[in-house]
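Colleague: I have not looked at this structure before. Could you take me through the ligand site and the cavities?

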Amino acid sequence: MSPRFDLSALLADLTLEEKASLVSGQGFWWTRKVERVGLPSIMVSDGPHGLRKQEQSTDHVGIGGSVPATCFPTACALGSSWDVDLVRRVGVAIAEEARGQGIGVVLGPGINIKRSPLCGRNFEYLAEDPLVAGVLGAALVEGIQSLGVGTSLKHYAVNNQEADRLRVSADVDDRTLREIYLAGFERVVRQAAPWTVMCSYNRINGVYASQDRWLLTEVLRDEWGFDGLVVSDWGAVDDPVAAVAAGLDLEMPSTGGASARKVAAAVSRGDLPEDVLDLAIGRLVTLLERALPGVESDDSYDADAHHELARLVARECAVLLKNDGGLLPLDAGAGRLAVIGEFARSPRFQGAGSSKVNPTRVDDALTALRAGVGAGVTLDFAPGFGVDDPDVDDAALLAEAVETAAGADTVVLFLGLPASYESEGYDREHIDLPAEQQAVLAAVAGVNDRVVVVLANGSVVGVADWDHHAGAILEGWLGGQAGGGAIADLLLGVANPSGRLTETVPLRLEDTPAYLNFPGEDRHVLYGEGVHVGYRHYDAVGRDVSYPFGHGLSYTTFEHSDLAATVLEPGGEPASWLGAPRISVSVTVTNTGTVAGQEVVQVYLGDPEAAVRRPVRELKAFAKVALDPGESQRVDLVLTERDLSYWSTRAGGWVLEPGTFEVAVGASSRDLRLTATVEVEGPRPTFPLDRNSTLAEWLDHPVGHEILLDSLRQSPLGDLTSLLDNPEQLRMIGSFPMSRLATMLGDAMGDDEVDALLAKVQG
Ligand code: BGC
């Protein structure tokens with residue numbers, strides 16, 4: 001398709017003031033237009049799990065109303081589906097609604113890492129693991145963009161808390177950045193090419209993300225090849241001139257002309273090259289080229305079909321944490337069923353803030369259960385507790401709940417976090433369920449030993465204090481507008497649970513990796529746990545958890561067998577940005593139960609002997625497979641060079657160390673059914689030597705080793721290689737930089753000798 005706009009003609013035609021005006025928005029939701037040159041504007045809209053189109057330019061945190069749209073399961077739920085195709089379908093449906101509303105860019109997905117369960121926005125994020133976040137984030141982008149609607153991958157980067165989010169500096173080392181906090185973004189950018197990326201509010205190592213040239217230009221564009229537009233989070237720009245210079249293309253929302261004036265003045269003064277401003281305009285024009293056909297379409301969508309899809313998706317997201325004695329599924333044919341908990345009739349299905357959707361309709365589990373059980377079932381309901389309602393009589397509600405539970409065959413108790421507990425803008429202070437809810441559970445369990453707990457929450461809640469009261473626990477997350485129906489389907493066995501945790505459920509908040517460094521103080525938060533986030537931490541310190549990453553039960557059982565892990569020879573062109581395939585993994589999965597179900601095959605990799613401290617094991621590949629009873633399937637997955645590598649700060653790049661790797665396949669990070677050890681061959685990584693390289697590093701260097709030994713042999717004091725003969729002594733002096741040893745050896749090895757040796761190594 002030929003472009004609509006002639007960029008060079010436009011750039012020649014636009015005045016400096018017009019150019020400067022284009023790098024900030026118009027109102028809350030529109031890019032700026034310049035009618036004089038025929039440049040239109042487009043509308044953008046939140047958010048990741050459904051559209052939040054605000055008719056009026058009122059606000060961006062969900063206070064003002066929005067056009068009705070399908071509220072799909074939130075990201076915490078979607079993440080638990082581990083289902084790439086399903087997530088892509090959600091993307092397509094959101095894009096249909098966006099086209100119907102004339103929206104050019106959907107402001108999502110959010111793929112920040114769940115660093116702490118306390119983060120108020122965890123419900124908007126997919127996982128504590130960058131592979132899951134990246135793979136599913138890419139699927140959402142691909143789905144939305146397949147219909148010609150843009151996405152905004154957010155919040156780039158290291159935005160893992162709400163406390164002080166507009167100022168806090170996330171202080172994090174390079175390796176952790178690359179392996180954990182940037183890895184998901186890299187995957188989505190390289191694989192799915194989002195049309196826009198939204199930079200985050202926070203600072204990273206002291207620099208605002210919106211003004212970080214390294215982040216926005218060197219890494220995002222130069223390394224990863226991003227060719228889209230960088231938009232600021234709403235209000236994230238501190239200095240608009242520094243932002244444009246760093247690679248930000250669009251500041252949102254409008255600043256009423258103030259930013260434009262500053263940018264124009266900076267160009268006039270010669271402080272900001274006009275070329276740099278032109279680049280930003282070029283990217284805005286590219287976005288318009290991409291988005292306008294969709295914006296101008298007069299598409300509509302089928303709200304009923306989308307509601308059905310939302311129900312289907314929510315079924316795949318819920319995680320069956322526990323099911324002692326096969327308490328679930330419920331007997332839908334006969335008996336007395338007590339349904340307790342306000343959430344059963346007033347579901348909490350999404351979070352608060354900018355992602356809040358005005359749903360087209362809402363299903364509650366109570367109605368769906370009533371509709372789903374047969375005539376032989378007597379269903380009684382008691383609210384049990386109030387939700388964010390200080391006027392209720394807790395004691396009376398508890399007494400009624402106990403009475404309802406006492407005569408029932410089974411109790412289904414709907415518990416969860418009130419909306420006030422978790423939201424954009426602030427973090428949680430603890431991970432407990434409200435005390436009144438725990439009291440109802442304990443009391444109900446006192447009169448009935450068949451209690452099923454259904455949870456509604458956007459990030460994990462502690463279960464250790466009450467787990468023993470529940471025979472079964474179904475984690476329903478914030479399952480979207482059709483979540484109530486989906487929960488009923490799962491409870492009644494119409495559907496089989498297949499979600500798996502993408503966030504560890506810890507025993508105690510104190511056990512969590514960031515506990516001592518969250519949310520920081522004095523405008524800084526130290527990412528002191530490094531790469532050991534989530535399960536990487538619990539495994540490294542050998543700590544018990546309530547439910548591990550990757551865990552989730554089914555109404556059927558699966559067997560894993562015949563693991564084959566084969567090393568592939570390197571060579572040829574890298575297959576993709578991930579490098580060449582290096583280990584192929586095959587495993588057979590069999591449904592050994594009596595109902596159809598889905599297993600998530602998870603492949604973890606460990607590198608027990610590494611130059612840096614690597615996690616015990618890390619998820620490197622996964623696949624969700626659907627199997628009928630008795631059916632088997634061979635699952636083939638490939639691990640690439642990147643999967644085997646770590647980020648070396650010293651080398652400033654990814655490093656693959658040859659040696660032993662451990663491949664483990666299982667049903668969760670702690671339910672590893674099969675393991676294999678493989679030997680990967682290849683050249684040992686070398687790091688450039690410099691004046692401060694240590695004696696040990698010289699001896700370890702393939703070229704430097706001999707050069708150093710020669711020099712020691714020929715020292716004016718005689719052959720000094722004998723200094724290296726004693727292992728203890730070598731261990732002690734091995735850590736000395738050569739420049740320091742040279743000074744200490746004085747005449748024996750002049751200071752210049754180190755430079756001479758370095759020249760030989762390079763020569
Ligand atoms: C949020 C973004 C959102 C934007 C627009 C900000 O407060 O952090 O996620 O897209 O508002 O509503």
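Colleague: By class, what residues make up the shell around the ligand?
Modeller: In this predicted model, the shell has seven charged, five nonpolar and three polar residues.

Colleague: Which residues are the closest to the ligand?
Modeller: Of the 15 residues that surround the ligand, the closest are Asp46, Arg121, His155, Asp233 and Glu424.

Colleague: How many Å from an oxygen atom of the ligand does a polar side-chain atom of Asp46 lie?
Modeller: The distance is 2.4 Å for Asp46. For a polar side-chain atom of Arg121 it is 2.7 Å, and for one of Arg165 it is 3.4 Å. The protein covers 100% of the 310 Å² of accessible area that the ligand has on its own.

Colleague: Now the cavities. How many are there of 30 Å³ or more?
Modeller: The count is ten. The largest has a volume of about 250 Å³, and 17 residues line it; closest to its centre are Glu179, Ala183, Arg187, Lys620 and Arg642.

Colleague: Which domains contribute to that lining?
Modeller: Domain 1 (7-295) and domain 3 (558-680) each supply at least three residues to the lining of the largest cavity. By class, that lining has nine charged, seven nonpolar and one polar residues.

Colleague: And what is the volume of the second largest cavity?
Modeller: The second largest cavity has a volume of about 210 Å³. Its lining has 21 residues, with Arg348, Ala456, Trp477, Gly483 and Ile487 the closest to its centre.

Colleague: Which element gives the largest share of that lining?
Modeller: Helix α17 does, with five residues. By class, the lining of the second largest cavity has 15 nonpolar, five polar and one charged residues.

How values were computed:
Residues numbered from 1 in each chain as written. Predicted model: local features only at pLDDT ≥ 70, side-chain atom pairs only at ≥ 80, totals over all residues. Heavy atoms only, no water. Near = heavy atom within 4 Å. Polar contact = N/O pair within 3.5 Å; in protein donor to acceptor, adjacent residues only side chain to side chain. Areas by Shrake-Rupley, 256 points an atom, 1.4 Å probe, with all protein chains shown as cover. Nonpolar A, V, L, I, M, F, W, Y, C, P; charged D, E, K, R; others polar. 1 Å grid on protein atoms, 1.4 Å probe; cavity = no way out; pocket = protein on both sides within 12 Å on 5 of 7 lines; lining within 4 Å. Points joined across faces, edges and corners; volume = space filled by probe spheres on them. Domains from an automatic or database assignment. Helix = DSSP H or I, 4+ residues; strand = E, 2+ residues; numbered from the N terminus.
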